[in-house]
Amino acid sequence: MKSTRPQSFLWLTLLIIVAIALIPILIDSASLREDLFLTLMLVILASSINIIMGYTGYVSFGHIVFFGLGGYFAFFLMLNYQVHFVLAALASGVGASVFAFLLGIPVLRLRGAYFALATIGINEAVRSFVTNFEPFGGAVGMFFNYAVYDAYGGARNALWFAYYAIVVVALVTVTASFLIKKSKFGLGLMAIREDQDTAQVLGIDPTRYKVLAYACSAFFPALAGAIFFFKNGIIEPGPAFALLRSIEGLVMVMLGGYGTVTGPIVGAVVYERLRAFLITNPNFSSLHLFIAGLLLLVIVLFATAGVVGWLRQRVPLLRRYLE
Amino acid sequence: MNIDALVPSAIDGLMLGFVYGLAAMGLTLIFGVMRVINLAHGPVIALGMFAVYLIGTQFGVNPYLGLIAVLVLGLTLGIVMYFVAVHRVINAPELTTLLATFSVNLMIIGLGTVVFTTTPRAIDMDLGAFRTGAITILGTKVVAVLIAIAVTAGLYLFLYRTRVGKSIRAVANNRAAAELMGINTTGVLALSFGIGIMLAMTSGGLIATLFSFTILAGGVYELKSFVIVVLGGLGNPTGALVGGIVLGLLEGLTTIFMPVGWVPIIEYGIFVLILLIRPTGLFGAR
């Protein structure tokens, strides 16, 4: 009995995501589709950050670097070699994972604040590199002409296609996040989070575990980046490697609940809704950054466990079901 | 490659390096004393720029005199920031303090863009220039360097020659032991945070006399400060000044050999490399 509970929880979560994702398809609403696209993209980003930050305890401040690199790889393949979008996206995901794997071997030896700083440095280094890298279009970036979308049934259909893709990736990301948490691998990561030296004494190889976790957490943002910039039709260094978006991802993880499976989902949805509300509300639109900062401060100071963590603390019954 | 440009670029970079070093000192002092990386560093530098600018335009005060007011403002702001955002989480893991200071960053940028918009501002300063051959040294830069040196010397004297300075160093070394020795650690932490913010704002004020700026301009200097701090060793104020000079020189010289666009790649590349190879900094922090 006990072992089926977490599984049913996962199915329920996936079912809810699918049910919500179906709404824009059923009512054929493009604006709702765009809203959900963005939300699901943030779910992917936050869940991925959660794997390295929430489970393993390594705060990757510059995680957006994988989003940007994924976008650039895929864009480059599609533009110059007419690679099909799905293939290009998968290739970029694998590429980002390999990059994270190689990068992780030296960088993950750093602990705490040093690691966080290094990830910022890596993002900035890659951004300045891409800004000067002519094959990727340099500072101007790259753009599609509309003919590229013909292979996907025209620009209009390509937007729907991108939406289906992001739904699938979001479902896979949540599943992966759940499976990792429930596996022996995940337990190892959490042991590293609690005390790396003790974990090592207990027979966990911290480098291998951390590097694998980092590679996993790089895969999904790269896919999201590939899809996002495919849909966008234009890619530039600024939006691709926006440090602010990376940090927003951390905020979502904290808001929802650090180290839980549902936390990043809840955090992404709440944060995105709140931001959309603030930006469209005439009274708050100019103050939205200030309010976001204030909200973050309140969470950090008074509710470190986030929404899901708080629920788990308050309602013991939920602890068995809510991951 | 242009050899004639070598000396002027080196001098220019060297002078900027002192100002960068001052900014980085604020960051490194806070880290050294309380192991907090202040992610509101950039916006605070920008606030320093605007403080000097506004004092100048609203009250017609000379920017260099305005800097004195900035010192007081910075200290006050820093102490307030400490009690609002940092004190409650001072013993929490890094992530918490990183996010807490980042939330202050968002708030300052959020309010700043509303109040000041993102229109570039500039302080109109002209102190003439010294010229010999190909070398031109702007008076404003000379004054900026002198002020940076004076503030550094002041900080050094304060840390090593006063009782309060001594207690700051004691808390940096071992907070628990310092507390047992009867030092009011909360006061010391708040004061150190205040001094860190003060240094950042002062450097911002100096930068404002050299270049045009917006409320977002601090971000560039924040990233430079990270690089410098890592060069000099996290938590080591003297290292920060040396690191600043190294970075300034590097910037000045690399622009001769390669396009300006490549400079950040070199900077961040060095930054990551040093973190990996020698996280205590080039000059070996204590």
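**A helix crossing, its chain and a chain interface**

The crossing of α2(A) and α12(A) is right-handed, a crossing being left-handed if the near helix is turned anticlockwise from the far one by less than a right angle, and right-handed if clockwise. The contact is made by A:L38, A:T39, A:L42, A:V43, A:A46, A:S47 and A:N50 of α2(A) and by A:G263, A:P264, A:I265, A:G267, A:A268, A:V269 and A:E272 of α12(A), where two residues are in contact if their C-beta atoms, placed from the backbone, lie within 7 Å. By class, this contact has 8 nonpolar, 5 polar and 1 charged residues; Ala, Val, Leu, Ile, Met, Phe, Trp, Tyr, Cys and Pro count as nonpolar, Asp, Glu, Lys and Arg as charged, and the others, Gly among them, as polar.

This is a predicted model, in which local features need pLDDT of at least 70 and side-chain atom pairs count only at pLDDT 80 or more, while totals for chains, interfaces and linings use all residues. Residues are numbered from 1 along each chain as its sequence is written, and chains are lettered from A and ligands numbered from 1 in the order in which they are written.

Two packed helices are described by the angle between their axes and the distance between the axes. The axes of α2 (residues 30–55) and α12 (residues 262–280) of chain A come within 8 Å and cross at roughly 140°, and α2(A) and α12(A) are therefore oblique to each other (angles under 35 degrees count as roughly parallel, over 145 as roughly antiparallel, 65 to 115 as roughly perpendicular and the rest as oblique).

Chain A as a whole has 15 helices and 2 strands, helices (H or I, at least four residues) and strands (E, at least two) being DSSP runs numbered from the N terminus. With 323 residues, a compact globule would have a radius of gyration near 20 Å, and the 19 Å of chain A agrees with this; the radius is taken over C-alpha atoms, and the globule rule is 2.2 Å times the number of residues to the power 0.38. Of the contacts in chain A with a separation of 6 or more, 74% are accounted for by residues 24 or more positions apart.

Turning to the interface, 33 residues of chain B are in contact with 34 residues of chain A. The elements that give two or more residues to this side of chain B are α4 (94–116), α9 (218–232) and α11 (263–277) of chain B, and α4(B) gives the most, with 15 residues. By class, the side of chain B that touches chain A has 26 nonpolar, 5 polar and 2 charged residues.

Technical notes: Axes are lines fitted to C-alpha atoms, for helices over the stretch in contact, and angles run from 0 to 180 degrees between N-to-C directions.
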